[in-house]
Amino acid sequence: MADTRRSSARRRNPAVRIVADSIKNASIFRELGQMERRWLPTELPVLLESMNLEAPMQLRKSARLGRRSDDPEPSAEALAHFVKIYRDRIYFQPLPLFDPQCLKDRLHLFPYYLRWSFLALALHFSTHEFYSGNESEATALYMTSARGVVQELSTEGVVKTEVLQSLCLLALCEILDGEYARSWMTIGAASRLESLRLSQSRHPPSAPNSDAISRCHWSIFVLETMFTPSLVLPARKPGRPKFPSSPDAPAPVASLTVANSHSHWSDLSSNVQQDGSSPDLGINANTLQLISIWGDIVAYLQDVRYGLSDMPWLNTSRHAKLEVSFYEFEVRVSSLHMLRHASFPDRLMAEIDAKREYWMPWLTMEILHHASKAALHNPFVQLFALRGSNAKTQPGSYLQKAIDQALFNYEWVARIVQMIQGASFELYDPLIGSAVAATATIPWIFQFARDEAVAVKAGQNLELFETFLDGLSLRWPHLGIKLQTLRELRSRSRSEEEGGAKSTTIRFQPDLVWRLLCAGFPPEMGAPDESSTTGHGHLNATLHVTTQYVHPLMDPPPRRPMDDSNMEIFFDASFDGFDAQFPEGFFSQTLLGGVF
């Protein structure tokens, strides 16, 4: 019966028949794709007729034959649908590859291998009635055919923006399909080809393609930062293109007051750029700079994992230099993009969706700023990894600062995730998923605190992060591996009983924490490996969670049990975003008071 239905569908839709039949000839299409550079489009139909094959998808408009009833290329309606899917689910999640405002007018002008790469990626996120249940076959055909052309062009050193764009799209497809080794090589090919382009370019790109070149360059940079951070060149390396153009910041929410706003202080502003004396680089530039910082931190953590000896309290340490990069970023970013002005949680969903090109990189910026700082000051790194690598005790005042920063920034990641969920904002970004997975290691530690309020809140945030990752893992299998690692860490970790009281000593496997902190790629699976632990051979370790470093000098007032109204004290408090100068009492009342 199922075969009868499929045969009937193919008779009704010739396009489906051709797509389904074509997949059987994948090796031939690969050969045809590799011959694309040697045959003109108008000559290919003759070639195919001589081989007794139906014309594949690449022959539609490029062959100038007009649209036929059996033409398997998507209709204009289908292409328009996938352009919307790109805007809603793919743009800046994590790549800013195409400008969504221009994509609809340019998609039909793409070389067929670039259009196929685009359609292959879009079909991972949605479908259209054109394909009538043959999405898998069509995706495989698109990828096989495009890959054949792009691989040959890239190995021959053909520097074309379209080839680089296609490599970026194919890399994402391969990651989505779990083909991690292949995606690693695809990213490498794109990186080397872009390096070749930069070495041949004596002048910065000029209009009209400068923005396309910039978007392509920084998309390759993001791919490298996500999956091979230790190999990435600095973001501010001479010769790099300018950052891609950015959408304007949304107008402020005029009706808000301090009393009814969830996100800002109206009277706090120390950012020198608010007075217009410094130019606004744009949200895309700011986000890409933070992605660069995130990659530097992950590379640093990978080195610590394998035994780097670093004294982070010294101003000559790598840790200190990474902290300086945050200060430099905060000086450059315009206050227009701060939470108090953006007011994301105070806007209607329709308003957010209308400016999605702005809000997607804005959310990436906000989450990465706090997740990066949380990762840099992670208690596991400070109290276990670095202490073991140099066999010295860190200064207590340094540790207090580090743990305070970890607490503060991890809770802001949780708050922003709640904002996203509260706004019903669809998010598919694997980079944000990796950042949240790394951040989840902090509440995993704090759930063992003696202070019940802190432990309960940490447990709730840990559940929040796990739920968030669970949603993203449905699309990105490597995030599914991170989610599995987080669950394994939670199940294998335990606190030791101390005279019947709750213990602050955790017994755990460091390798599981490192898998979450370090965005290793391909993702690590299986049992912990002694050679891949902290450099000290720890398969099992203990971490003593102490109250010494995070309490304020004065004893806090008695706290009520944690209930819904108490939880809202922190999340409903007016707050200025990461650039704020806070009243002195804010930290003691909402962050440090009563922390273990």
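## Strand pairing and overall fold

Strand β2 (residues 505-508) pairs with β3 in the antiparallel sense over four bridges, where pairing requires that DSSP find at least two bridges between two strands. Within this pair, R507 stands opposite T542 in β3. Strand β3 (residues 541-544) has a covered face, formed by A541 and L543, and an uncovered one, formed by T542 and H544. In a regular strand the side chains alternate between the two faces of the sheet.

The model is predicted: local features need pLDDT of at least 70 and side-chain atom pairs count only at pLDDT 80 or more, whereas totals for chains, interfaces and linings use all residues. Residues are numbered from 1 along each chain as its sequence is written, and side-chain values use heavy atoms, with hydrogens and water left out.

The chain contains 25 helices and three strands, taken as DSSP runs numbered from the N terminus (helices: H or I, at least four residues; strands: E, at least two). Of its 596 residues, 56% count as buried; buried means under 20% relative accessible area, exposed over 50%, and partly exposed in between (1.4 Å probe, protein chains only). Among contacts with a separation of 6 or more, 77% join residues 24 or more positions apart, a contact being heavy atoms within 4.5 Å. The chain exposes about 25100 Å², of which carbon and sulfur atoms supply 52%, by the Shrake-Rupley method with a 1.4 Å probe.

Helix α12 (residues 283-305) has 23 residues and should span 33 Å at 1.5 Å a residue; its end C-alpha atoms are 33 Å apart, which agrees. The expected span is 1.5 Å times one less than the number of residues. Because 21 of the 23 residues of α12 are buried, the helix is largely enclosed by the rest of the structure. Just after α12, G307 takes a positive phi of about 105°.

The loop between α5 and α6 holds F92, which has a positive phi of about 55° although it is not a glycine. F92 is buried, at 0% relative accessibility. P94 is also placed in the loop between α5 (76-90) and α6 (100-106), and the peptide bond from Q93 to P94 is cis, with omega near 10°. S424, in the loop between α18 (396-422) and α19 (430-439), likewise is not a glycine and has a positive phi of about 55°. S424 is exposed, at 55% relative accessibility.

## Salt bridges and cysteines

The count comes to 21 salt bridges, each being a side-chain nitrogen of Lys or Arg within 4 Å of a carboxyl oxygen of Asp or Glu.

| Pair | N to O distance |
|---|---|
| E357 and R87 | 2.8 Å |
| E194 and R197 | 2.8 Å |
| R492 and E488 | 2.8 Å |

E357 lies in helix α16 (residues 356-376) and R87 in helix α5, so this pair ties together parts that are 270 residues apart in sequence. Both E357 and R87 are buried. E194 and R197, three residues apart in helix α10 (residues 180-200), are separated by about one helical turn. In helix α22 (residues 477-492), R492 and E488 are four residues apart, about one helical turn. R492 is partly exposed at 42% relative accessibility, while E488 is buried at 15%. A network of salt bridges links E463, E466, D470, R487 and R490.

The structure holds zero disulfides, defined as pairs of cysteine sulfur atoms within 2.5 Å. C173 is buried, with a relative accessible area of 0%, and C518 is buried at 1%.
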